[in-house]
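Subject: Structure handover

Hi,

My notes on what turned up follow below it.

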Amino acid sequence: MPKVPKWVGDAIENLLASKFLSVTVSSTQYLSPSVKKISFTGDFTQTDFYPSQAVSLRVSDTEHRNYTPCSFDPENGVLEIIFHLHGAGPGSRFADDLKPGVNLKMIPPRGHKMLDRDKKNHFFFGDETTLSLYYNFADQINRTHQQYMGILELDPENFILIDQLGLKVKAVLKSPENPAQNSIACLDDLQHNHPDAFESGVFYLTGNAASVQQFRKALKMRGVISKQIKTQAYWAAGKAGL
């Protein structure tokens, strides 16, 4: 949802109250200084969720942000999200300030269905903003005994999250001046060691728009065709609320 005047946001919540989920923050955990996992409780028995769909939260009087759950358990009424606290934007301030007991209105999960359940090999590319997405993907893939690998561009303080979250991916340093440079440098070895994944697998490219663009070009140069690649930019330098 784009930025709207406060009175419009208030009116939407009041007039369309039945369309929102009432949730409560039940627990919070800082996985690192810039990554925070938050659990929400509520009645999700009538809520559908497909991996990669996002909920929306009102992060200020005039702004909403989309967030992808890392886990969804409707039977026990629990939904969890891994937030990246980057910069001083309204979304980061909102997530940083959330504490147990806070009540919120949440727009239910919606959006396109990105996870391809028919593929045997999956490849993740992203950064801290996509940890929640890929944690959920990894869980789904493990449940069906499929395979995944990937590369995440992270700040040094967040390398520990790979093991902490149990993700079978490689961490590389971000390269803001040359988007995806360090990730692209890993591709030839990965392709040599996993030819089947490159020939018939599915590639999910998410996170920084510039990195996604460059990584997609590098994949196509190595023979990966367009229909194998799924992209979703979560953010771009100088832009808010993609």
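Arginine 222 counts as partly exposed, because its relative accessibility of 21% is not under the 20% that buried requires. This is a predicted model, so please read every value here as computed from it. The side chain of arginine 222 meets that of aspartate 188 in a salt bridge, at 2.8 Å from N to O. This pair links distant parts of the chain, 34 residues apart. Arginine 222 sits in the loop between helix 8 (209-221) and strand 12 (229-235). Aspartate 188 belongs to helix 6 (residues 187-193). At 46% relative accessibility, aspartate 188 also counts as partly exposed.

Salt bridges that share partners join Glu128, Asp155 and Lys174 into one network. The structure holds six salt bridges.

Lysine 174 bridges to glutamate 128, with the closest N and O atoms 2.8 Å apart. The two are 46 residues apart in the chain. Lysine 174 lies in the loop between strand 10 (170-173) and helix 5 (181-184). Glutamate 128 lies in the loop between strand 8 (121-127) and helix 3 (131-143). Glutamate 128 is buried, at 1% relative accessible area, whereas lysine 174 is partly exposed at 27%.

Aspartate 155 forms a salt bridge with lysine 174 as well, the closest N and O atoms being 3.5 Å apart. That pair spans 19 residues, with aspartate 155 in the loop between strand 9 (147-154) and helix 4 (160-164). Aspartate 155 is partly exposed, at 29% relative accessibility.

Now the domains. The assignment gives domain 1 (6-110) and domain 2 (121-235). Their C-alpha centres lie 25 Å apart. Contact involves 18 residues of domain 1 and 17 residues of domain 2. About 1300 Å² is buried between the two, and carbon and sulfur atoms give 60% of that area. On the domain 1 side, Leu31, Ile82 and His84 lose the most area, together 34% of what that side buries.

What holds polar groups together across this interface? Eight residue pairs are in polar contact there, while the count of salt bridges between the domains is zero. Strand 1 (21-32), strand 5 (69-73) and strand 6 (78-84) each give two or more residues to the domain 1 side. Strand 6 gives the largest share, four residues. That side divides into nine nonpolar residues, eight polar and one charged.

One last item, helix 2 (residues 90-97). Its buried residues include Pro90, Gly91, Ser92, Phe94 and Ala95. Among the elements covering them are strand 2 (35-42), strand 3 (54-58) and strand 6.

Best wishes

Key:
Residues numbered from 1 in each chain as written. Predicted model: local features only at pLDDT ≥ 70, side-chain atom pairs only at ≥ 80, totals over all residues. Heavy atoms only, no water. Domains from an automatic or database assignment. Contact = heavy atoms within 4.5 Å. Buried area = accessible area lost by both parts, 1.4 Å probe. Salt bridge = Lys/Arg side-chain N within 4 Å of Asp/Glu carboxyl O. Polar contact = N/O pair within 3.5 Å; in protein donor to acceptor, adjacent residues only side chain to side chain. Nonpolar A, V, L, I, M, F, W, Y, C, P; charged D, E, K, R; others polar. Buried < 20%, exposed > 50% of the residue type's maximum accessible area, 1.4 Å probe, protein only.
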